[in-house]
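Load the model in a viewer and keep the sequence panel open beside it.

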Amino acid sequence: RGHASRPASMSDNPPLTPDRQPAPIHNEYFVLSRHGIYFSARSGSLKFEGKGQLYLSTLRVIFVSDGRGSMNAFDLPLATMRDEAFNQPIFGANNLTGTSAPLDGSSCHEDIKWKLAFNEGGVGTFLPLFFRLLTEMRAMLSQQQSGTIPTATAIPVATASEMLQAAYVDPNDPTKLYVTQPDMPVAVAVATPLKYD
């Protein structure tokens, strides 16, 4: 069931379409999706976990649960990510970990330590696109005037399209690239100021 009445700035349980895809934010461009993901996050005493699908856009990583677990969906804005690392344990699935600041309106009030485990297939398509989008977001934020509160602005569609055209497609990686945008209703446009400590 959709949560269109919830603000788009929520970290936990962001708005979903009736078919359980993330409701896009104004000017957001979806780059890829990936099934077979195990997600876990902790913020203070709050814990979130589930199995489902990951979506990567020009603004955020969105995890959408398959219905089992402690939440429906979770937003990880590219603009708030730090300490991200790709891990290849001897036992267990390859995973991406990191920390994100909580968003206004979220039930999280402390930093969010998160993990995305890739339980099905490789990551040769996903990882380069993720790190390129993260680098682009950081470059955009650093170009903003100092002394102002940074505002999350989507990476330009032209930049995302160039990335997709040049993407290496790993046959062992089940990532689905979006050459055209999926048919999803747009969520309410919200420019969320990002506050850094």
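**Stop 1: the main core**

Begin with the largest nonpolar core, which has 34 residues. Select F39, V61, F74, L78, W114, F126 and F130, the members with the most contacts inside this core. A nonpolar core here is a set of buried Ala, Val, Leu, Ile, Met, Phe, Trp, Tyr and Cys residues joined through side-chain atoms within 4.5 Å. Buried means under 20% relative accessible area, exposed means over 50%, and partly exposed covers what lies in between (1.4 Å probe, protein chains only).

Now colour by element: β1, β2 (46-57), β3 (60-69), β4, β7 (112-118) and α1 each supply at least two residues of this core. The largest share, 8 residues, comes from α1. Helices (H or I, at least four residues) and strands (E, at least two) are DSSP runs, numbered from the N terminus.

Apart from this core lies another, of 7 residues, with F30, V64, A73 and Y178 among them. In soluble globular proteins, nonpolar side chains tend to be buried together.

Two notes on the model apply throughout. It is predicted: local features need pLDDT of at least 70, side-chain atom pairs count only at pLDDT 80 or more, and totals for chains, interfaces and linings use all residues. Residues are numbered from 1 along each chain as its sequence is written, and side-chain values use heavy atoms, with hydrogens and water left out.

**Stop 2: the aromatic pairs**

How many aromatic pairs does a search of the whole structure find? There are 7 aromatic pairs. Rings of Phe, Tyr and Trp (its six-membered ring) pair if their centres lie within 6.5 Å; planes under 30 degrees apart count as stacked, over 60 as edge-to-face and the rest as tilted.

Select F39 and F74, a tilted pair with 5.2 Å centre to centre and 40° between the planes. This pair links distant parts of the chain: F39 is in strand β1 (residues 30-43) and F74 in strand β4 (residues 73-77), 35 residues apart. Both F39 and F74 are buried.

Move to F126 and F130, a stacked pair with 5.7 Å centre to centre and 15° between the planes. F126 and F130 both lie in helix α1 (residues 126-143), 4 residues apart, about one turn of the helix. Both F126 and F130 are buried. Show what surrounds F126: leaving out residues up to four places away in sequence, F126 touches L32, R34, L54, L56, L96, F118, D173 and T175. Contact means heavy atoms within 4.5 Å.

F48 lies in strand β2 and counts as buried, at 8% relative accessibility. Draw a distance from F48 to W114: their C-alpha atoms are separated by 9.1 Å, and the two are 66 residues apart along the chain.

**Stop 3: strand β7**

Select β7, where 5 of the 7 residues are buried, so the strand is largely enclosed by the rest of the structure. On one pairing, 6 bridges join β1 to β7, and the two run antiparallel; here the bridge partner of S40 in β7 is K115. On another, 6 bridges join strand β6 (residues 95-100) to β7, also antiparallel; the bridge partner of N95 in β7 is A117. Two strands pair if DSSP finds at least two bridges between them.

**Stop 4: S57**

Select S57 in strand β2. Is S57 buried or exposed? S57 counts as buried, at 0% relative accessibility. The side chain of S57 makes a polar contact with the side chain of E28 (2.5 Å) and reaches the backbone nitrogen of L59 at 3.0 Å. A polar contact is a pair of N or O atoms within 3.5 Å; within protein, one must be able to donate a hydrogen and the other to accept it, and residues adjacent in sequence count only if both atoms are side-chain atoms. Leaving aside neighbours within four places in sequence, S57 is in contact with E28, Y29, F30, V31, I62, L78 and L133.

**Stop 5**

Select N27, in the segment before β1. N27 has a positive phi of about 70° although it is not a glycine, and is exposed, with a relative accessible area of 53%. Then select D83, in strand β5 (residues 81-87). D83 has a positive phi of about 55°, again without being a glycine, and counts as exposed at 57% relative accessibility.
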